[in-house]
Number of protein chains: 2
Amino acid sequence: MIIDCHGHYTTAPKPLEDWRNRQVEGLKNPAVTPKASELRIGDDELRESIEKNQLKLMRERGADLTIFSPRASFMAHHIGGFETSSTWAAICNELIHRVSRLFPQHFAGCGMLPQSPGVDPKTCLPELKRCVEEYGFVAVNLNPDPSGGHWTSPPLSDRHWFPIYEALVEYDIPAMIHVSTSCNPCFHTTGSHYLNADTTAFVQCLTADLFKEFPKLRFIIPHGGGAVPYHWGRFRGIAQDLKKPLLTDHLLKNISFDTCVYHQPGIDLLTRVMPVDNILFGSEMIGAVRGIDPESGHYYDDTKRYIDATPNLDEAARRRVYEANARRVYPRLDAALRTGRLRPGAQGGVTS
Amino acid sequence: MIIDCHGHYTTAPKPLEDWRNRQVEGLKNPAVTPKASELRIGDDELRESIEKNQLKLMRERGADLTIFSPRASFMAHHIGGFETSSTWAAICNELIHRVSRLFPQHFAGCGMLPQSPGVDPKTCLPELKRCVEEYGFVAVNLNPDPSGGHWTSPPLSDRHWFPIYEALVEYDIPAMIHVSTSCNPCFHTTGSHYLNADTTAFVQCLTADLFKEFPKLRFIIPHGGGAVPYHWGRFRGIAQDLKKPLLTDHLLKNISFDTCVYHQPGIDLLTRVMPVDNILFGSEMIGAVRGIDPESGHYYDDTKRYIDATPNLDEAARRRVYEANARRVYPRLDAALRTGRLRPGAQGGVTS
């Protein structure tokens, strides 16, 4: 089985965006603020938006199941306040839930949290609870910078975030550390902000002792870990200068990296540097890079090709990257697969 | 000849730090503000600080000449206003000038600019002029984020920066894009802020057309380009989606990367992905990572070892990385070497 740990619903039907635009407009002109109930998207629309996009590409490329979350750049936690994010997160998560019910063999849900700059993360707990208990989601995305590129929240090692971590540990679900749109003109959202956030999150953990406090907390750092594997020597050296334990002990029991690195040399580096158990297959399709690489003739984000081609993994290692590691890091996914709630490998389409 | 394009004066005699501390204290209590003339460091102190540190390691490791600039993390442009930075930059640059005169065969100067958040970069021009015309410096460091991790300046592609670029082009000197200390608790200075800045600067150029406006402008992006080579596919893909030219045409005529990547797999990636003409030898020693790598038994920042060991470069390519590329990117260094003003390979020590 091949599990893609990193997919966003970037192809949601247009009414979702229209609703959000009205919500944003409503921040200036409350009269136009829409009610949640005004968003109407039928199952057929949902099915079509998935069948023609993610599911089509999963079939073409050979992935069985995607851990699927709301569109990252649309989370935009910097817009409005807690109420804005709360309503928006509820809507987006419910759509993910519906997709995962329409295609239970192909999509497992991952929630967005209703974060808002300067607001206590504790306020995210009711939505997190709904995601896990009502929707059966297997993870959440956690945004280390809800300000959208101004980096005004404390580091991930700060007590500020502990209420979220306590819930994650209680539910035994991991968090993917994923920022959203940059509203700072210095940072291009998918070009620099995403990768910077990955590196930043990793170093926030490196310089602290978060996982001593939460030994069972698990983070997935996406986009191949930002700059981390490329600068692994630098990070080992900085940890050493700071008298921290070896990174394998200090961080790698708790942090995994996905494979959203869009060329062969990058995947070769990742698989050469990182222990195989810390690498989870991911593509983030349909996402940041949509074209075909003229050098390879294939989609940049068809990351399975690079993993299949790398000389650094044998068949057993590949199986861990494709399946076993994800089942270990996302135990609720593993449980669902074991109990047959998710049934990858079955024919696609709707199940009753 | 082996030219290290990236060295900072991290070992300056203690009176420099004491002077700076008094200057910073003077921002609250003007009575203690020191005059520039109160800083007294003798030639013997300068000689010793270099002989026992950088020069010792250059000899041990086999580098002949270092392009040498003030300590990056001490630039701290966020402290005080323009006057603060102006006095501080003048002092730091003068010390670099004195080092380059004491060891003319081993150090070529690179200036820091008296940047200050919210201040017009035009105010840096007198110091830049002094660096080139009086001190014979071959480059300057340009800080894309003088706020120290709050990223409040416009992107490097903005007209805001054009006065600096006009001077760089006029003098035919490159700029190394290098931030300073982070005063944002989200970012560890050498762990994430430096690397994020490298990636950010590259993407600011990618998404704009700066080098159409300034075809002769040259940037060195340090620390191996941050996350750039590891995510080269992503950046090629983003440029393609934005209808930009191929990155070789769009950026690589103007941007080079140094080799401050502190493990073999990182250098192997850099030299596999980037055209050899865009790679300049650099170590940033004595800098961010000071320990010995237990995996190799050598200093993490002894980057020459990785370049010598990589299978991706033949002898001719290595010579370009070690010398020819630097002489092309820093034509004033090349001119000085040709006219004998700098004489690498001669015995170290003072020349009259």
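Colleague: What share of the residues in chain A is buried?
Modeller: In this predicted model, buried residues make up 62% of the 352 residues in chain A.

Colleague: And how does the radius of gyration of chain A sit against the globule rule?
Modeller: The radius of gyration comes out at 19 Å, close to the 20 Å that the rule gives for 352 residues, so chain A is as compact as a globular protein of that length. Along the principal axes, its C-alpha atoms fill a box of roughly 55 × 45 × 45 Å.

Colleague: What about contacts between residues 24 or more positions apart in chain A?
Modeller: Those account for 76% of the chain A contacts that have a separation of 6 or more.

Colleague: OK, secondary structure. How many helices and strands does chain A have?
Modeller: Chain A has 15 helices and eight strands. An open sheet of eight strands runs in the order E1-E2-E3-E4-E5-E6-E7-E8, with parallel pairing.

Colleague: Which strands stand at the edges?
Modeller: Strands E1 (3-9) and E8 (279-280) of chain A do; each has a single partner strand, so one side of each is left without a neighbour in the sheet.

Colleague: Pick a pair inside chain A for me. How many bridges link E5 and E6?
Modeller: Two bridges, in the parallel sense, between E5 (residues 175-177) and E6 (residues 219-221) of chain A. Met176(A) has Ile220(A) in E6(A) as its bridge partner.

Colleague: Switching to the two copies. What rotation puts chain B on chain A?
Modeller: A rotation of 180°, with 0.0 Å of shift along its axis and an RMSD of 0.0 Å. That is the relation of a two-fold axis. The same surface serves both copies, as 100% of the contact residues of chain B recur in chain A.

Colleague: Which residue of chain B comes closest to the rotation axis?
Modeller: Ala227(B), with its C-alpha at 2.2 Å.

Colleague: Now H12 in chain B: is it mostly covered or mostly open?
Modeller: Mostly covered, with nine of the 10 residues in 264-273 buried. Among them are Ile267(B), Asp268(B), Leu269(B) and Leu270(B).

Colleague: What do the buried residues of H12(B) pack against?
Modeller: They pack against helix H12 (264-273) of chain A, plus helix H10 (232-241), strand E7 (255-258), strand E8 (279-280) and helix H13 (303-309) of chain B.

Colleague: Last one: at what angle do H2 and H3 of chain B cross?
Modeller: Roughly 35°, and the axes of H2 (residues 43-51) and H3 (residues 54-61) of chain B come within 4 Å. By class, the contact of H2(B) with H3(B) has two nonpolar, two polar and three charged residues.

Colleague: Which residues of H2(B) take part?
Modeller: Ser49(B), Ile50(B) and Glu51(B), which meet Gln54(B), Leu55(B), Lys56(B) and Arg59(B) in H3(B).

Key:
Residues numbered from 1 in each chain as written. Chains lettered and ligands numbered in written order. Predicted model: local features only at pLDDT ≥ 70, side-chain atom pairs only at ≥ 80, totals over all residues. Heavy atoms only, no water. Buried < 20%, exposed > 50% of the residue type's maximum accessible area, 1.4 Å probe, protein only. Contact = heavy atoms within 4.5 Å. Pairing = 2+ DSSP bridges. Axes fitted to C-alpha atoms, helices over the stretch in contact; angles between N-to-C directions. Nonpolar A, V, L, I, M, F, W, Y, C, P; charged D, E, K, R; others polar. Least-squares fit on C-alpha atoms with pLDDT ≥ 70 in both. Rg over C-alpha atoms; globule rule 2.2 N^0.38 Å.
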